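Work through these exercises with the model open beside you. Try each task before reading its solution.

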Amino acid sequence: MSSSSSSKKLHVYGGKASFMTWRLHDVLYVAKHYWIPCIFAMGFLFFGSVEFTLGMVPSSSPPFDVGFVTTRSLHLLLASKPKLNTFLAGLNTVFVGMQITYILWTWLVEGRPRATISALFMSTCRGILGYSTQLPLPQGFLGSRADFPVGNVSFFLFFSGHVAGCVIASLDMRRMQRWEMAWTFDALNVLQALRLLGTRGHYTIDLAVGVGAGFLFDSLAGKYEESKRSKAPTTNGTKEAFFM
């Protein structure tokens, strides 16, 4: 940046850098009306100190996972009761089927492709990332032939498509003001996440990124739709393409 452009920017602020004009009432105003960024600022400072002082996990040791520690009792229960583990896996597969059915329904029946586009974006990105870094299967993994994908086949750990798909469906339900369905899917998603941790089917980071991925790809699908609508020519009664 040239010195002339820098001086112009400073001139906008009365010849002073922005922070030099701050007063106590400005700080209090920010703390009152922008308290969420303030909380994240404190989190940044806290976890910065934790990161630089925490001992690294040796390469010879399994990863440390808070979710695994939290669900240790559930893991022991499912390990001791294989039939219960299979039953819950079957229920989870039904729930995944509900997600897929709803997402396809919004496109094929209701003619709203956003959720389907979002799921396609998400699945492709998950495949690229999952293949690029193939994480080791967690110790104590409790597999089941009733779990999705059915048949004890291999799967990518990072990130959780179960969780991301549910978030995509839930966001669409909220757009359509289907509040009861959305809250039901959210509650089932929490139970699904607990089961995945209890069976050691995913690391905590897989589930957390799955939530973020659901929001991200729903937003990207929305922007994609908007861009296509703004560029779409007027048609003479012809049905728009599959995704419009």
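## Exercise 1: A tilted ring pair

Phenylalanine 155 is partly exposed, with a relative accessible area of 30%. The model is a predicted one.

**Task.** Classify the ring pair of phenylalanine 141 and phenylalanine 155, and state where the two residues lie.

**Solution.** 
- Start with the two numbers needed. A pair of aromatic rings is described by the distance of the centres and the angle of the planes.
- Take the distance. The ring centres of phenylalanine 141 and phenylalanine 155 are 6.0 Å apart.
- Check it against the cut-off. Rings pair if their centres lie within 6.5 Å.
- Take the angle. The planes stand at 50 degrees, so this pair is tilted. Stacked would need planes under 30 degrees apart, and edge-to-face over 60.
- Place the residues. Both phenylalanine 141 and phenylalanine 155 sit in the loop between H7 and H8, so the pair ties together parts that are 14 residues apart in sequence.
- Phenylalanine 141 has 28% and counts as partly exposed.

## Exercise 2: A tyrosine pair and a charge over a ring

**Task.** Count the aromatic pairs in the structure. Then describe the pair of tyrosine 29 and tyrosine 34.

**Solution.** 
- The structure holds seven aromatic pairs.
- In one of them, the ring centres of tyrosine 29 and tyrosine 34 are 6.4 Å apart. Their planes make an angle of 55 degrees, so the pair is tilted.
- Tyrosine 29 has 45% relative accessibility and is partly exposed. Tyrosine 34 is also partly exposed, at 45%.

**Task.** Which residue lies over the face of tryptophan 183?

**Solution.** 
- The residue is arginine 174. Its distance from the ring centre is 4.8 Å.

## Exercise 3: Fold and core

**Task.** Write down the secondary structure pattern, then find the largest nonpolar core.

**Solution.** 
- Count the elements. The protein has ten helices and zero strands.
- Read along the sequence. The pattern is α-α-α-α-α-α-α-α-α-α.
- Check burial. Of the 244 residues in the protein, 29% are buried.
- Find the core. The largest nonpolar core has 16 residues. Ile103, Met122, Phe159, Ala169, Met173 and Phe185 have the most contacts inside it.
- Trace its sources. H6, H7, H8, H9 and helix H10 (204–231) each give two or more residues to this core. H8 provides the largest share, five residues.

## Exercise 4: Backbone exceptions

**Task.** Where does a cis peptide bond occur? Which residues other than glycine have phi near 60 degrees, and are they buried or exposed?

**Solution.** 
- Recall the background. Most residues other than glycine have a negative phi, and most peptide bonds are trans.
- Find the cis bond. It joins phenylalanine 158 and phenylalanine 159, with omega about -5 degrees. Phenylalanine 159 is found in the loop between H7 and H8.
- Take glutamine 177. Its phi is positive, near 60 degrees. Glutamine 177 lies in the loop between H8 and H9. With a relative accessible area of 57%, glutamine 177 is exposed.
- Take arginine 200. Its phi is also positive, near 60 degrees. Arginine 200 lies in the loop between H9 and H10. With a relative accessible area of 6%, arginine 200 is buried.
- Apply the cut-offs. Buried means under 20% and exposed over 50%.

Methods: Residues numbered from 1 in each chain as written. Predicted model: local features only at pLDDT ≥ 70, side-chain atom pairs only at ≥ 80, totals over all residues. Heavy atoms only, no water. Buried < 20%, exposed > 50% of the residue type's maximum accessible area, 1.4 Å probe, protein only. Helix = DSSP H or I, 4+ residues; strand = E, 2+ residues; numbered from the N terminus. Lys NZ or Arg CZ within 6 Å of the ring centre and 35° of its normal. Core = buried A, V, L, I, M, F, W, Y, C linked by side-chain atoms within 4.5 Å.
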